[in-house]
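I opened this notebook to record what I looked up in the structure, entry by entry.

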Amino acid sequence: MKSPSIRLVLGLALAGSLLLPGCKDSSSTASGPATVASQQSITGGSRTGDFGPPQGEPIHAMLTSPPQVPPPTGRDHPAKVIVDLEVIELEKEIAEGVTYTFWTFGGTVPGSFIRVRQGDTVEFHLKNHPDSKMPHNIDLHGVTGPGGGAASSFTAPGHESQFTFKALNHGLYVYHCATAPVGMHVANGMYGLILVEPPEGLPPVDHEYYVMQGDFYTVGKYREKGYQAFDMQKAIDEHPTYVLFNGSEGALVGDNAITANVGENVRLFVGNGGPNLVSSFHVIGEIFDKVWYEGGTHFQENVQTTLIPSGGAMMADFHVEVPGSYVLVDHSIFRAFNKGALAILRVDGEENKTVYSGKEVDSVYLGDKAVSQAPVAVAAEAKAAGTLTLEEQSKAGSVLFNGTCSVCHQANGQGLPGVFPPLAGSDYIASHSHEQLVDVVLNGLNGPLTVNGKNYNSVMPPMSQLTDDEVANILTYVLNSWDNGGGAISKEDVARVRESTPRSEGAAH
């Protein structure tokens with residue numbers, strides 16, 4: 001009989017043999033766990049990512065603007081891939097009626113999507129448009145080498161730089177500008193994604209989309225109309241005005257929503273440019289079948305919400321079973337509904353009531369993003385030009401009311417019996433001055449109340465997060481709807497009430 005120590009040595013030797021490279025269960029099928037593990041060990045590091053010199057003629061990479069993704073490389077060999085990317089500084093809308101100067105890779109936020117294959121030799125050309133005011137460079141997290149290419153790509157306005165790297169690790173990687181002050185360049189929209197495919201490619205799906213979150217810091221408040229400059233102190237303090245997908249509130253809603261059909265498979269390539277916040281990425285009404293967390297080799301299954309660090313990425317696959325509007329959010333939820341981190345996946349097709357009772361309008365989640373914001377921008381432009389009409393103000397107010405007030409007071413102004421008082425034909429509105437009505441919106445109202453002869457005892461929270469023109473437009477719409485007698489409230493009227501309201505430090509604005 002063997003001694004305990006001999007049995008221990010034999011046991012350890014046996015366990016060690018099971019871990020030797022190349023050892024596998026001969027009964028595993030081509031798609032079984034042993035093969036998958038073997039593939040991951042072969043392709044999961046830079047020491048095994050060099051498949052030799054490029055083969056064939058050089059290829060010019062197809063770059064796409066978000067939310068589109070280039071097609072799979074479809075190659076079984078490494079190639080020389082030439083990437084041409086231009087930095088462009090331009091003024092664009094960050095929200096309806098709000099403009100901001102973005103610094104971009106390729107003219108979009110996020111920058112152009114780059115797709116290569118593991119083992120490819122990438123010849124990178126970075127141009128800086130002659131109209132740029134700043135020098136820029138690029139740090140690609142998919143590069144093996146100091147700075148990720150930053151030192152090799154420092155480019156003055158009107159110039160071009162070039163460097164070469166070999167894509168040794170497959171995965172989904174962030175790229176960004178790394179010119180000082182780095183945070184400011186990133187905060188102005190200088191980031192994007194590069195996908196390095198594994199040699200065997202990714203599993204095929206019906207749709208692939210490119211979504212990237214970023215936090216933005218403006219001098220003005222959220223949705224304050226007109227041009228807004230970058231606020232360095234807010235950025236240092238990590239207090240963003242906006243948290244957005246693809247660079248603007250309207251990037252992925254309404255006519256810009258991404259789409260799919262019932263029964264299809266969707267893949268999202270999601271990055272987080274930061275510069276500061278971690279994303280809690282979630283699709284309302286869907287569960288991710290697979291999440292390649294942190295953009296790496298391994299995946300988790302049946303995931304509700306996944307963390308994406310600043311400067312990180314992930315891939316998610318899921319199958320859509322029922323139609324409707326699926327809302328993409330950062331589930332740090334005030335960012336979604338009060339800073340803009342919200343997008344829509346619109347799925348068309350036949351209902352499946354064995355899975356879900358029926359298609360419904362997600363007005364509670366979508367708010368004013370469910371309808372066009374164009375009347376708001378029209379009113380803002382007219383106000384700035386001194387030509388704002390009552391009709392323009394009321395149309396803007398209607399859009400804002402439907403997104404802000406209609407859940408409680410209902411779209412027809414009738415309220416909810418015994419719970420929320422009506423605004424339609426309201427004797428409360430008729431008996432109060434415009435100043436008092438503005439005060440109610442800004443500071444809230446609670447306690448017993450009688451409207452049109454009926455008693456209510458509920459709470460209206462303060463809506464001081466609304467800008468002065470938003471409050472003015474909403475109240476003007478209410479005054480001119482449902483037989484309320486008419487009248488107009490101006491942005492200046494709201495500003496006077498706001499300034500005269502004592503409010504503790506940090507209590508909204």
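Entry 1: I worked from a predicted model. I began with Val329, which stands opposite Leu342 in strand 21. I then looked up the two strands concerned: strand 20 (residues 324–330) and strand 21 (residues 342–348) run antiparallel and are joined by six bridges. In general, strands of a sheet pair through backbone hydrogen bonds, either parallel or antiparallel.

**Entry 2: aromatic pairs.** How many aromatic pairs does the structure hold? I found 16. I noted Phe163 and Phe165 as a stacked pair, with 6.2 Å centre to centre and 25 degrees between the planes. The pair counts as stacked because its planes are under 30 degrees apart.

I then turned to Tyr477 and Trp482, which form an edge-to-face pair at 5.5 Å centre to centre, with 75 degrees between the planes. Tyr477 is buried, with a relative accessible area of 13%.

Ring pairs also link a cluster, which I recorded as Phe245, Phe281, Phe288 and Phe318.

**Entry 3: charges over rings.** I looked up which residues lie over the face of a ring. Arg117 lies over the face of Phe51, at 5.7 Å from the ring centre. Lys290 lies over the face of Phe299, at 4.6 Å from the ring centre.

**Entry 4: helix 13.** I asked which residues of helix 13 (residues 491–500) are buried. They are Val494, Ala495, Val497 and Arg498. These residues lie on the same side of helix 13, because they cover an arc of only 165 degrees around the axis. For background, I noted that an α-helix has 3.6 residues a turn, so residues three or four places apart point the same way. On the other side of helix 13, I found Arg496, Glu499 and Ser500 exposed.

Lastly, I looked up what covers the buried residues of helix 13; the cover includes helix 11 (434–443) and helix 12 (468–479).

Definitions and conventions. Residues are numbered from 1 along each chain as its sequence is written. This is a predicted model: local features need pLDDT of at least 70, side-chain atom pairs count only at pLDDT 80 or more; totals for chains, interfaces and linings use all residues. Side-chain values use heavy atoms; hydrogens and water are left out. Rings of Phe, Tyr and Trp (its six-membered ring) pair if their centres lie within 6.5 Å; planes under 30 degrees apart count as stacked, over 60 as edge-to-face and the rest as tilted. Buried means under 20% relative accessible area, exposed over 50%, partly exposed in between (1.4 Å probe, protein chains only). A charge sits over a ring if NZ of Lys or CZ of Arg is within 6 Å of the ring centre and within 35 degrees of the ring normal. Two strands pair if DSSP finds at least two bridges between them. Helices (H or I, at least four residues) and strands (E, at least two) are DSSP runs, numbered from the N terminus. The arc is that of the directions from the helix axis to the C-beta atoms. Contact means heavy atoms within 4.5 Å.
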